[in-house]
Amino acid sequence: MGEVFEFRNYWEKHREKLPYEIDGVVVIVNENNAFEAAGVIGKAPRAAIAYKFSAKETTTIVEGIKVQVGRTGTLTPVAILKPIELGGIRIMHATLHNFDQIERLGLKIGDTVIVSRAGDVIPQITKVLAEMRTGKEKAFKMPLNCPIDSSRVIREGAIYRCSNEQCGARNRQSLRHFVSRMAFDIRGLGGKIIDRFLDEGLISDASDIFELEEGDIAVLERFGEKSAQNIIREIGSHKTISLERFIYSLGILHIGEETALLLAKEYPVSSIKELIRKYKGLSLEDLQKIRDIGPKVAQSIYNWFHGKRNIHFLEKLDKVGIQIETKKLKNLKTQSLKGKTFVLTGSLQIMSRDEVKEKIRELGGDVSESVSKKTDYVVAGNEPGSKLKKAKRLGVKIIDEKQFIDLLK
Ligand SMILES: [Zn+2]
């Protein structure tokens, strides 16, 4: 019997050394006859006993409290802890669920607290050590305005919520867009995982993604250290991004991949700081001078870069270490038409004019309205106009739609 307790006590102290997590030991009588003879209480055989270890807990300091916005627009306060090791995992956040819990605990920013993590549950602040106070602690107040869209915050019992009903859902959409294939392309962050992180208060805007730590994820049920490591590694490897992808990821109204590319080509920058400076300075006229950007799109870009919250968001992305690729603009796919200028004339049969233009730009080429010596190809459809004549006169290569499609291959 003594040996059993010795074994249990040893592993309670040394469980951190195991490559996996345990929360106790199970003792089973190994001899079949003795096992049977011990009998059963309820459903539990008396010859098998589980000894649970005590909850893992430690003390640390609450360095701040940030407010995250969930999927339904609910505001969740999250404690920012001086990092600690708990059960072998580095912990730096603890959810506070709602404002009532802060009141119940009597928690102030700067307090020394007990943080515990029992079993697989995420870390909790279980007690404030008021006797450790120095007088410099600060009381926490819920914000009056939503940190995402600045709408008024309303209180419903213990729940604080953004008064804009669309806020949570819209924010979730923009997060999903941010990590999507043509934007930051962080595949480890699928929709379900984004939702989970939102629900846990781990993220509320896209810059939070880059501040996630293994410990934030590893403590969540059904994640574990391995998947946490993978997600963090994947996020870390996507901190450098091309300018056109970056612009696209911002989710500016009317700005698809193509317009993002046009902007990036016209106004290249090599850092977020430079982007803020340059793009804030663009007038509506500057923007409309860019081929294919009309008044509606120009207005949308202009408004976005004159929004205080948007600039703050860009500054946050800069602070978390997002780098804009400085090498020559890479195209979205390959660059087989790079440097080639096309003019379209006549009506096309297989592809629409817009599709053809899009294709050319996608592959690095340019589309021009008029034929000149600089034109590389004239794509002629049915009933071509004067452009064809001019092309012939200047000796520009003329191709039909089928030949154009062959060029794409
Ligand atoms: Zn809001």
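Modeller: Before we start, one cut-off: a residue counts as exposed when its relative accessible area is over 50%, and as buried when under 20%. Also, keep in mind that this is a predicted model.

Biologist: Got it. So is Lys-296 buried or exposed?

Modeller: Lys-296 has 58% relative accessibility, so by that cut-off it counts as exposed.

Biologist: And which helix is Lys-296 in?

Modeller: Lys-296 sits in helix α13, which covers residues 295-305.

Biologist: Let's zoom out. How many helices and strands does the protein have?

Modeller: It has 17 helices and 17 strands. The radius of gyration is 30 Å, while the globule rule gives 22 Å for 409 residues, so the protein is more spread out than a compact globule.

Biologist: What box do the C-alpha atoms fill?

Modeller: Roughly 105 × 60 × 35 Å, taken along the principal axes. As for burial, 44% of the 409 residues are buried.

Biologist: Where do the domains fall?

Modeller: The domain assignment gives domain 1 at 2-52, domain 2 at 56-162, domain 3 at 240-324 and domain 4 at 341-408. Taken over C-alpha atoms, the centres of domain 2 and domain 3 are 35 Å apart.

Biologist: Switching to the metal. Which residues coordinate the zinc ion?

Modeller: Cys-146, Cys-162 and Cys-167 each give an SG atom, and Asp-149 gives an OD, at 2.2 to 2.3 Å. Along the sequence, the donor residues follow the spacing C-x2-D-x12-C-x4-C.

Biologist: What's the geometry of the zinc site?

Modeller: Tetrahedral, with angles of 91 to 117° among the 4 donor atoms.

Biologist: And are Cys-146 and Asp-149 buried or exposed?

Modeller: Cys-146 and Asp-149 are both buried.

Biologist: Now the sheet with β5 in it. What's the strand order?

Modeller: It's an open sheet of 5 strands, running β7-β6-β5-β8-β9 with antiparallel pairing. At the edges are β7 (89-95) and β9 (124-128), each of which pairs on one side only. On average, neighbouring strands in this sheet are turned by 45° against each other, ignoring direction.

Biologist: How many bridges join β5 to β8?

Modeller: There are 6 bridges between β5 (residues 56-69) and β8 (residues 112-117), and the two strands run antiparallel.

Biologist: Which residue in β8 stands opposite Lys-56?

Modeller: That's Arg-117.

Technical notes
Residues numbered from 1 in each chain as written. Predicted model: local features only at pLDDT ≥ 70, side-chain atom pairs only at ≥ 80, totals over all residues. Heavy atoms only, no water. Pairing = 2+ DSSP bridges. Helix = DSSP H or I, 4+ residues; strand = E, 2+ residues; numbered from the N terminus. Axes fitted to C-alpha atoms, helices over the stretch in contact; angles between N-to-C directions. Domains from an automatic or database assignment. Donors = N, O, S within 2.8 Å, 3.2 Å for Na, K, Ca; no water. Tetrahedral: all angles 85-135°; square planar, octahedral: opposite > 155°, others 65-115°. Buried < 20%, exposed > 50% of the residue type's maximum accessible area, 1.4 Å probe, protein only. Rg over C-alpha atoms; globule rule 2.2 N^0.38 Å.
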